[in-house]
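Hi,

Here is the structure I promised to pass on. Have a look at it first, and then read my notes below.

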Amino acid sequence: MTGHLLDIHVERKSFAATTVLNNVHLQLKAREAVSLLGPSGCGKSTLLRIVAGLEKDFQGTLRSSAGEVAFVFQEPRLMPWLTVEQNIGFSADKHYDKAWVAQLIKEVGLDGFAQALPKALSGGMAQRVAIARGLYSRPQVLLLDEPFSAVDAFTRMKLQDLLLQLAERHAIALLLVTHDVDEALYLSDRVLVMDNRPSSIRQELAVQLAHPRDRRDPLLAQLKALSLTELQRAHVI
Ligand SMILES: Nc1ncnc2c1ncn2[C@@H]1O[C@H](COP(=O)(O)OP(=O)(O)OP(=O)(O)O)[C@@H](O)[C@H]1O
Ligand SMILES: [Mg+2]
């Protein structure tokens with residue numbers, strides 16, 4: 001092992017005759033936050049699925065010393081017939097750690113909603129439940145696939161700050177797919193820019209700014225300009 005939690009080398013990932021990923025090398029250290037930016041269809045979700053062990057049919061190697069890896073998707077994917085606490089504990093019966101679920105409900109700011117059903121929640125609240133459900137298994141790595149793209153801009157900023165707090169508190173590394181350059185830069189230690197299929201990582205930008213960050217920090221603006229240039233070169237925009 002290399003001192004990394006995850007060390008992935010996808011030599012090639014194809015669906016039928018289409019090569020999606022070509023020579024993608026990705027490493028993640030404990031507590032690190034890394035974002036993936038790239039064109040639609042370049043294979044970002046596929047790469048996350050490979051990292052999660054959900055997609056095993058690829059050429060390459062996946063080394064992981066992360067005990068638990070959890071996933072948060074764009075849609076909260078809650079079970080409509082289960083309460084908030086049952087959704088977080090993955091269970092309609094009593095066989096889950098109630099104290100841990102109660103703590104997570106508090107940490108994601110949903111005090112008082114333990115018994116609510118998903119239909120009574122706003123989109124942002126539902127995504128808070130999805131994050132708490134992700135944390136339930138005490139993962140060392142949280143994979144997030146466009147987790148905030150369905151919520152409004154202000155809710156999104158609040159959820160970004162919540163995610164950073166939780167990652168810090170629970171010592172979790174984040175691997176995040178987003179189409180939002182500001183989000184990638186605000187959240188991450190490194191931003192990886194992918195190009196079109198067959199995709200590889202064409203550039204890595206380091207964001208050397210301590211947390212808590214200021215969204216108005218001039219360094220973020222500079223890095224945004226650089227990222228936009230790179231995204232233009234990759235024909236993403
Ligand atoms: N199960 C599958 N069977 C066949 N093709 C697939 C499958 N999953 C993904 N693909 C193809 O692989 C390519 C990459 O898909 P993927 O969902 O990983 O892209 P993405 O970068 O996440 O895109 P987006 O930004 O739109 O979410 C696409 O061309 C897609 O059609
Ligand atoms: Mg995707």
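The chain has seven helices and nine strands; these are DSSP runs numbered from the N terminus, with helices being H or I of at least four residues and strands E of at least two. Its radius of gyration is 18 Å, close to the 18 Å that the globule rule gives for 237 residues, so the chain is as compact as a globular protein of that length. (That radius is taken over C-alpha atoms, and the rule is 2.2 Å times the number of residues to the power 0.38.) Along its principal axes the C-alpha trace spans about 50 × 40 × 35 Å.

Two notes on reading it. This is a predicted model, where local features need pLDDT of at least 70 and side-chain atom pairs count only at pLDDT 80 or more, while totals for chains, interfaces and linings use all residues. Residues are numbered from 1 along each chain as its sequence is written, chains are lettered from A and ligands numbered from 1 in the order in which they are written, and side-chain values use heavy atoms, with hydrogens and water left out.

Now the ligand. Ligand 1 has 13 residues around it, and Ser40, Gly41, Lys44, Ser45 and Thr46 come nearest (near means a heavy atom within 4 Å). Helix α1 gives the most to this shell, with three residues. As for polar contacts (pairs of N or O atoms within 3.5 Å; within protein, one must be able to donate a hydrogen and the other to accept it, and residues adjacent in sequence count only if both atoms are side-chain atoms), the side chain of Ser45 has an N or O atom 2.8 Å from an oxygen of ligand 1. For His179 that distance is 3.0 Å, and a polar side-chain atom of Arg197 sits 2.8 Å from a ligand oxygen.

Helix α1 covers residues 44-52, and its buried residues are Lys44, Thr46, Leu47, Leu48, Ile50 and Val51. Buried means under 20% relative accessible area, exposed over 50%, partly exposed in between (1.4 Å probe, protein chains only). After the helix comes Gly53, with a positive phi near 80°.

Last, have a look at strand β1 (residues 6-15), where you will find Asp7. At 5% relative accessibility, Asp7 counts as buried, and its side chain makes a polar contact of 3.4 Å with that of Gln27. In β2, Leu26 stands opposite Ile8.

Best wishes

Key. Two strands pair if DSSP finds at least two bridges between them.
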